[in-house]
Amino acid sequence: MQQLTPSKIFVITLIVISVIGFSDATYLTAKHYLDDPVTCSIFKGCETVTESKYSTVFNIPIALFGVFYYLFVSVLLFLYMEGLKVLKLLLLSTTSAFFVTLFLVYLQAFVLNAFCMFCIISAVSSTALFAGTVYIARKSRTLAEG
Amino acid sequence: MSKREKTEEREKRRKGRLVKRIVIWFVVLAGVSALIFYLVGSAGKNDGDTTDGGIPAVTEGDWVKWNASSQVVLLEYSDFQCPACKSYFPLINAVGEEYGDRVAFVYRHYPIAQIHFNANAAARATEAAGMQGKFWEMHDILFETQELWAPMSASDAASVFAGYARDMLRIDVDKYLVDFDSEAVQNMVTEDFSGAVKAGVNSTPTFYLNGKKIKNPGDIEEFRTLLDEALSNATTNPQ
């Protein structure tokens, strides 16, 4: 089983990415609950995105879902590194998150016509996690077959 | 101990180690989130009382509405293209309905031209309309129609503004156009802006109550609390 796993460094990199995503989503959640009402500034742009009606689902900020998603994925990656068979679950989670990301980027680009930097960071890390797990899955399969 | 027992023992220890690691992992991430929440929270709190320097005093040249002679002055630095400022527009109107007889309201320009390409022109449009006594009317129209002109090119936005002057405000549009392009009008906008920059304003809307920066109130209730306090101070210590 051990020789089927790709390099440990690769998985650790994915864990680091999930921690970045986790911190980013936590930041957006904290902003949502603690910060001032909307403002525009030269440095941060306008908070159109994080204050739009699309930023919450049933009054729960989307960022909070992000926090739990990244937490979940980081634990799965951890378990995977320890040799547990969680690859399918990992693949399923990152794939669905990737589609959610695509939708959120679509909203920013075509509906709100505004981007928020921390949302883009999350989109990048979620895409990287998706690509990374797909890579791991393919590699494990080739190794298993070969 | 048999071989099987040994393997089981090893397996058990491995599981224990794994659980421990995961618990540590959760603790670390909880720490990270606590730190982020703490930092965001304290940053938000400091925002209200940063008085890097005073803003220029209210003068004859300022646009004042409600009770202009009141000692209690609510002042807003704003940008007509800023969505956050637009979202405050109905709130300020509601405050005006309640406090308009006792409080003065001052509007000053803070166009963030780097991200709002038509904001400076919008500010000039209100000043040009103001030359014919229609500053607040143009101010209202521009906030109400923000989504329409915000994405336009500079020339399209300028003609939309001129259209408002002609069709809605019914002012002398030739004079308006001359004023719109005049240095005098640009200076009025720039003067507001540079005074605010010196005072450390870096976002819109920014509110000042009697010259003191206040944390942006989130709803009318917060405005009531602040204004009621300022009004009672004004009556107990008349200047």
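A residue is called exposed when its relative accessible area is over 50%, buried when that area is under 20%, and partly exposed in between. These words are applied below to a predicted model, in which 11 salt bridges are found over all chains. By that scale B:D181, with a relative accessible area of 59%, is exposed, although its salt-bridge partner B:R124 counts as buried at 15% relative accessibility.

**Salt bridges between distant parts of chain B**

- The side chains of B:D181 and B:R124 meet in a salt bridge with an N to O distance of 3.6 Å, and this pair links parts of the chain that are 57 residues apart.
- B:D181 sits in the loop between α7 (173-180) and α8 (183-198) of chain B, while B:R124 belongs to helix α3 (residues 119-130) of chain B.
- A salt bridge also joins B:R108 to B:D62, where the closest N and O atoms are 2.8 Å apart; because B:R108 lies in strand β3 (residues 104-109) of chain B and B:D62 in the loop between α1 and β1 (63-66) of chain B, the pair ties together parts that are 46 residues apart in sequence.
- B:R108 is buried, with a relative accessible area of 3%, and B:D62 is likewise buried, with a relative accessible area of 11%.

- B:K175 counts as partly exposed at 35% relative accessibility, whereas B:D179 is buried, with a relative accessible area of 9%.

**A salt-bridge network**

- B:E98, B:E221 and B:R224 are linked to one another in a network of salt bridges.

**Helix α1: surface charge and the annotated region**

- A patch of positive charge on the surface is formed where B:K6, B:R10, B:R13 and B:R17 gather, and B:K6, one of these residues, is placed in helix α1 (residues 3-49) of chain B.
- Residues 21-40 of chain B are listed by UniProt, in an unreviewed entry, as a "transmembrane region".

Note on methods
Residues numbered from 1 in each chain as written. Chains lettered and ligands numbered in written order. Predicted model: local features only at pLDDT ≥ 70, side-chain atom pairs only at ≥ 80, totals over all residues. Heavy atoms only, no water. Patch = residues over 30% accessible without salt bridge, like charges linked within 9 Å, V, L, I, M, F, W, Y side chains within 5 Å. Areas by Shrake-Rupley, 256 points an atom, 1.4 Å probe, with all protein chains shown as cover. Salt bridge = Lys/Arg side-chain N within 4 Å of Asp/Glu carboxyl O. Lys, Arg positive; Asp, Glu negative; His and termini not counted. Charge placed at Lys NZ, Arg CZ, Asp CG, Glu CD. Helix = DSSP H or I, 4+ residues; strand = E, 2+ residues; numbered from the N terminus. UniProt positions renumbered as here; feature names shortened; annotations may be inferred. Buried < 20%, exposed > 50% of the residue type's maximum accessible area, 1.4 Å probe, protein only.
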